[in-house]
Amino acid sequence: MKIKTRFAPSPTGYLHVGGARTALYSWLFARHHQGEFVLRIEDTDLERSTQDAIMDGMNWLNLDWDEGPYYQTKRFDRYNAVIDEMLVQGTAYKCYCSRERLEALREDQMAKGEKPRYDGCCRDYHAHHADNEPHVVRFRNPQDGSVIFNDRIRGPIEFSNQELDDLIIRRTDGSPTYNFCVVIDDWDMEITHVIRGEDHINNTPRQINILKALGAPVPEYAHVSMILGDDGKKLSKRHGAVGVMQYRDDGYLPEALLNYLVRLGWSHGDQEIFSIDEMMQLFTLDAVSKSASAFNTEKLQWLNHHYINHLPAEYVATHLSWHIEQAGIDTRTGPQLCELVTLLGERCKTLKEIAASCRYFYEDFAEFDADSAKKHLRQLARQPLELVREKLAAISDWTAENIHHAIQGTADELQQGMGKVGMPLRVAVTGAGQSPGVDVTVHAVGQQRALARIDKALAFIAEREAQQ
């Protein structure tokens, strides 16, 4: 049997973290078994449909699909043809109950402490109605027995058919409902395994009963637990970013987010770092936990920092370029972006941080950071800066190694520690007190620009001396 899974989001917003993890698990299960992965957009709610955001998230995460995207709104003829056949066969029936009757029934049941459910009024009601009289179509759910299915994550789950009312499968306006469309799609697309969130568990017995009524094969089901915020409550906007593309905007690499998401409910021993290939090789539903998982942004940042420094710098640079553009930095006048990744990767946990802290490599700054200048651009720094400038100006082969020798030579000649030379030089060249190693920083800034900035720092010290 060929394994076939699907990811079928309702496009009523962005691709959220929970949906992304479900998509990842479905994708990995299919890839692990050399099966196929289908993308399906359940866009029956036309007014709220924003499918582009879903596609953007899937593409950014590199979760490719073998079939699709299918759109439910383009399959209404198929759904309605099946419903019409069910009406003929008696597995569905027309319901003419008014909204007022249904609301009164609901209120009465709730007042009695009963579970609100349709009472089957029209189930065996054969009075004549005009063709254009408003009605819905309901599925004739079995009234006896139980629905039992073996959830691949949770084990056996049983629902009594008496707890399930006759589900509406076509609305008054003629449009089929979500639960019915899902069934027909899974049948037509030959889905073998449905991996989805635990919020769909209550839909499963209804969908199984419809599949059986149609004589269609029943797929296996696996319901993934929800993701909680670090406060133990359901993950939401108050916990920070919950949309996948927001993580892109915040400077995360897709590899880091995927690695983090796969571990939110699945494990393989004590291993924390997984390449995509390792995930595909090792992923099984048996290792997915039934328990809810708590989202931890610090852990995600740790993973992101790892990937920034362990993926090829050229690749990381392709993602960094977007952030550089957003920051409005012209990189034609400084180091290549892959060099920037190497320079700042150890110091920065996100690509956004790299973009925010790299401007001095490409642009001259108007003034020095006040605290850094007050501490390091003092009269005592004038002589070290003058001497190191002289040595830097004399370098004919502008390498980080030669720059290091110039700084070390200045310290030796003045019989001072490296810090007494390096810190004033760092502030002079970057405008602030923090940067990567001063030798590689000066190298990346470039010889002429570095010398001009040292001149600016010496002028600053002279002006400060004059004011005292």
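By class, 14 nonpolar, 11 polar and 7 charged residues form the lining of the largest pocket. Here Ala, Val, Leu, Ile, Met, Phe, Trp, Tyr, Cys and Pro count as nonpolar, Asp, Glu, Lys and Arg as charged, and the others, Gly among them, as polar. This is a predicted model, in which local features need pLDDT of at least 70 and side-chain atom pairs pLDDT 80 or more, while totals for chains, interfaces and linings use all residues. Residues are numbered from 1 along each chain as its sequence is written, and side-chain values use heavy atoms, without hydrogens and water.

Now select His 16, Gly 18, Gly 19, Thr 22 and Asp 199: of the 32 lining residues, these lie nearest the centre of the largest pocket. A pocket is an open set of points on a 1 Å grid over the protein atoms alone, where a 1.4 Å probe fits, with protein on both sides within 12 Å along at least five of seven lines; lining residues have an atom within 4 Å of a point. The space inside is about 880 Å³, counted as that filled by probe spheres set on the points, which are joined across faces, edges and corners.

Next, colour helix H1 (17–32), which gives the most to this lining, with 5 residues. Strand S1 (4–7) and strand S9 (193–197) each supply at least two. Helices (H or I, at least four residues) and strands (E, at least two) are DSSP runs, numbered from the N terminus.

Move on to the second largest pocket, with a volume of about 660 Å³. Among its 24 lining residues, Leu 102, Tyr 118, Val 136, Arg 138 and Ile 168 lie nearest the centre. Helix H4 (99–111) and strand S5 (136–139) each give two or more residues to this lining, and H4 gives the most, with 6.
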